[in-house]
Amino acid sequence: MPPVAVVADTTHYLPSESVRESGLSLVSLYVNWHGRADRESELGDFTEFYEYLRTAPELPTTSQPSVGDFIEVYEPLLADGRDIVSIHISAGISGTCDSARQAKERLAEQGIGGERIVVVDSESSAGGLGCIALAACAAAAGGGDVEAVAKRAESARERLRLWFCVDTLEYLRRGGRIGAAQAWLGTALKIKPILTLGREITPIERVRTSKRAFERMVEYLQSQHDEGCDAWVVQHIRAPEVADRLVERGRDIFGSEPLIVSEVGPVIGTHVGPGLIGVGGIPASLLE
């Protein structure tokens, strides 16, 4: 067992086999819909949720894990003598990192080892968070101490690049997560916005058609390859056929299989809506 445990929240949307193989521990965010609050980790298939999202008169809401949720995950790991690097969705769009830091402080005050926890703001989510978490897990599996694992996560954050395209800005507007893309709202009816995520949602460019958006995603994968990011990811929301076509084009570019292909779940999906396609890249050396 590695001396350092890596904890992430559920907005990484890694395939379940990647989570198992990496040894990643999880803390779930919540989605509030149908008059109930569900842990995202317990929703399983997302079909029912996205059918609801398309027709719901009011947008579902999402919420961060509680301090208690973090303590429930942290305590057994600390009791096993392991240090913890806890990596989470960008603090610019969620209070998850704050909850993690409060849990760390409470455990330190109680003398249970909170000082052995390092909280890292991924400044990303979805495939970006997934890549950073996998990089940290690789460093932990190699025997790195807590400082080395946290540094690997930070290095991955610096090198990570992630673009995504949404069908409409309406979900981002209604959910209050639109960030700097606010300026596009008045002209967004007939465009496909291409965005990135750092501290906030940031606009990259506007294109007119889904076909052009797809080609820009392919061009972005090519640029990532050219810049030395030889591990790559593809994610989508209710667009598996488009994702498959992106994977085909990505194989031609990279000559390898993608690190991640998965569907983005309800916590992020609530704010971006069905039809999202996203791609990203990171140097494979950070995953070794």
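Trainee: In this predicted model, the charged end of which residue sits over the ring of Trp33?

Mentor: A charge counts as over a ring if CZ of Arg is within 6 Å of the ring centre and within 35 degrees of the ring normal. Over Trp33 the charged end lies 4.6 Å from the ring centre. The residue is Arg36.

Trainee: Which residues form one aromatic cluster with Trp33?

Mentor: Rings pair if their centres lie within 6.5 Å. The cluster that holds Trp33 is made up of Trp33 itself together with Phe46, Phe49, Tyr50 and Tyr52.

Trainee: How far from the centre of the ring of Phe214 is the charged end of Arg245?

Mentor: The charged end of Arg245 sits over the ring of Phe214. Its distance from the ring centre is 4.3 Å.

Trainee: How many aromatic pairs are there?

Mentor: The rule for a pair is that ring centres lie within 6.5 Å. By this rule the count is seven.

Trainee: Are the rings of Phe70 and Tyr74 stacked, edge-to-face or tilted?

Mentor: Phe70 and Tyr74 are both in helix H3 (residues 67–79), four residues apart, about one turn of the helix. Both residues are buried. Their ring centres are 5.6 Å apart, with 40° between the planes. Planes under 30 degrees apart count as stacked and over 60 as edge-to-face, and the pair of Phe70 and Tyr74 is tilted.

Trainee: Why is the pair of Trp232 and Phe254 called stacked, and what is the angle of the planes?

Mentor: The ring centres of Trp232 and Phe254 are 5.2 Å apart. Stacked requires planes under 30 degrees apart. The pair is stacked because its planes are at 5°.

Trainee: Which elements does the pair of Trp232 and Phe254 link?

Mentor: The two residues are 22 residues apart, and the pair links distant parts of the chain. Trp232 is buried, with a relative accessible area of 0%, and Phe254 is buried at 11%. Trp232 lies in strand E11 (residues 231–236), and Phe254 in helix H9 (residues 240–254).

Trainee: In E4, which residue is the bridge partner of Tyr30?

Mentor: Strand E3 (residues 30–33) is joined to E4 by four bridges, and the two run antiparallel. The partner of Tyr30 in E4 is Arg39.

How values were computed
Residues numbered from 1 in each chain as written. Predicted model: local features only at pLDDT ≥ 70, side-chain atom pairs only at ≥ 80, totals over all residues. Heavy atoms only, no water. Phe/Tyr/Trp six-rings, centres within 6.5 Å; stacked < 30°, edge-to-face > 60°. Buried < 20%, exposed > 50% of the residue type's maximum accessible area, 1.4 Å probe, protein only. Pairing = 2+ DSSP bridges.
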